[in-house]
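The stops below go from ring pairs to a helix on a sheet, and then to a strand.

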Amino acid sequence: MTDHSAPDSAPLCPIITTSTKDTMALSSDYIRTSLQALYGDNVTGSDIRAWCALNETNYQTVTKRLDQFKVSRGKWDLTIQEKLEENYTAPSAIPSLEIQNLIPPKDPQYVPFGNFSDVKKIIKSGEFYPCFITGLSGNGKTLSVEQACASLNRELIRVNITIETDEDDLIGGFRLVNGETVWHNGPVVEALSRGAVLLLDEVDLASNKILCLQSILEGKGVFLKKIGKYVQPVKGFNVIATANTKGKGSEDGRFIGTNVLNEAFLERFPVTFEQSYPPSTVEQKILTALCSDKDFCKRLCDWADIIRKTFYDGGIEEVISTRRLVHIARAYSIWNDKQKAIEVCVNRFDDETKQAFLELYDKVDADVDFTLNAEENDS
């Protein structure tokens, strides 16, 4: 007969008497650790009955609390690690990304320019070589990465960074699925395990919580401490970050909410690309793919070019981006009205800047007269 009495070296476990049983609920964790201390990781029904006798509690209550550890009739495995591994392999909170196509669709109207070819070469090489792309808003930083992946049939996982982004958002964490706690991979772990390109969009909006990416930016993978699992990067995995600043904050206040990023974090990006607005000829190609009026597209590009030169010289505080020109071209395709298309798309600026932009367009396009509209509104 097996002697199940506690060995002399076993840790002492408190015994809940009838006087304390009414005021102290028996937690599953207490029951499990107490049984482990007395009988080891694997216990039988006889062990539990003996423990219940010592603690003056009900056998059915205890076994119900240990239901998640039951392996067969009359046998329980109390090890935590195996339960964590089981949770890890259980269904995720959303359908598995393994059955999803993460290759971005090709945009037939996309016109390559700027750093597109360099970014494409890095992705095509399959080497782990993180890069940082900085530039003013609306100049195609994110789109260039998406289309580079699309042209190479490479999977891309895009994460839009905010001040609230933390380790749980990036690496992953436990989620409640059908009443059970299940480990769910974050986008970083998915990209690592799939050999996909990870795009950290607007990374300069982040707080110091993204420092959890330090080892990942060194190409070393990540240890998931909550489930005791190490994820190695699959070949092809890479990290590309986009930002409106260089991670030093926005001195002029144009990009409110951007933060000064940790120097050690920035130093882990070997190269930084400075993305400018495309030349006027390239912008005309972009707009003519959306608008059949080539003359109007040329006027828009000339107008934007003058505004940008004035902006860079410090004459104005706002700029017309390539994205804003695309908005105007699409608005024109809807209303077939140049004045309305321009006006509704520059309404986002303050009144003084808006008026200056409209008056400037009058000078580059004789077919449009915003001053006439202003006089009619005044009357």
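Start with the rings: the count comes to twelve aromatic pairs, where rings of Phe, Tyr and Trp (its six-membered ring) pair if their centres lie within 6.5 Å; planes under 30 degrees apart count as stacked, over 60 as edge-to-face and the rest as tilted. This is a predicted model, in which local features need pLDDT of at least 70 and side-chain atom pairs count only at pLDDT 80 or more, while totals for chains, interfaces and linings use all residues. Residues are numbered from 1 along each chain as its sequence is written, and side-chain values use heavy atoms, with hydrogens and water left out.

**Stop 1: two ring pairs**

Select Phe128 and Phe237, a stacked pair with 5.7 Å centre to centre and 15 degrees between the planes. Phe128 lies in the loop between helix 6 (116-125) and strand 4 (131-134), and Phe237 in the loop between strand 10 (229-231) and strand 11 (238-243), so the pair ties together parts 109 residues apart in sequence. Helices (H or I, at least four residues) and strands (E, at least two) are DSSP runs, numbered from the N terminus. Phe128 is partly exposed at 26% relative accessibility, whereas Phe237 is buried at 2%. Buried means under 20% relative accessible area, exposed over 50%, and partly exposed in between (1.4 Å probe, protein chains only).

Next select Phe296 and Tyr332, a tilted pair at 4.8 Å centre to centre with 50 degrees between the planes. Phe296 is in helix 12 (residues 294-312) and Tyr332 in helix 13 (residues 322-335), 36 residues apart. Phe296 is buried at 0% relative accessibility, and Tyr332 is buried at 12%.

A charge sits over a ring if NZ of Lys or CZ of Arg is within 6 Å of the ring centre and within 35 degrees of the ring normal.

**Stop 2**

Which residues of helix 3 (residues 45-55) are buried? They are Gly45, Asp47, Ile48, Trp51, Cys52 and Asn55. The charged end of Arg49 sits over the ring of Tyr59, 4.0 Å from its centre.

Now show the open sheet of three strands, in the order 1-3-2 with antiparallel pairing; two strands pair if DSSP finds at least two bridges between them. Its edge strands are strand 1 (42-44) and strand 2 (70-72). Two bridges join strand 2 to strand 3 (residues 75-77), and Ser72 stands opposite Lys75 in strand 3. Helix 3 packs on this sheet, touching strand 1 and strand 3; contact means heavy atoms within 4.5 Å.

**Stop 3: strand 8**

Finish with strand 8 (residues 197-201): five of its five residues are buried, so it is largely enclosed by the rest of the structure. Val197, Leu199 and Asp201 lie on one side and Leu198 and Leu200 on the other. Strand 5 (residues 156-160) pairs with strand 8 in the parallel sense over five bridges, and Val159 stands opposite Leu200. Strand 11 pairs with strand 8 in the parallel sense over four bridges; here Val197 stands opposite Asn238.

Note on methods
Axes fitted to C-alpha atoms, helices over the stretch in contact; angles between N-to-C directions.
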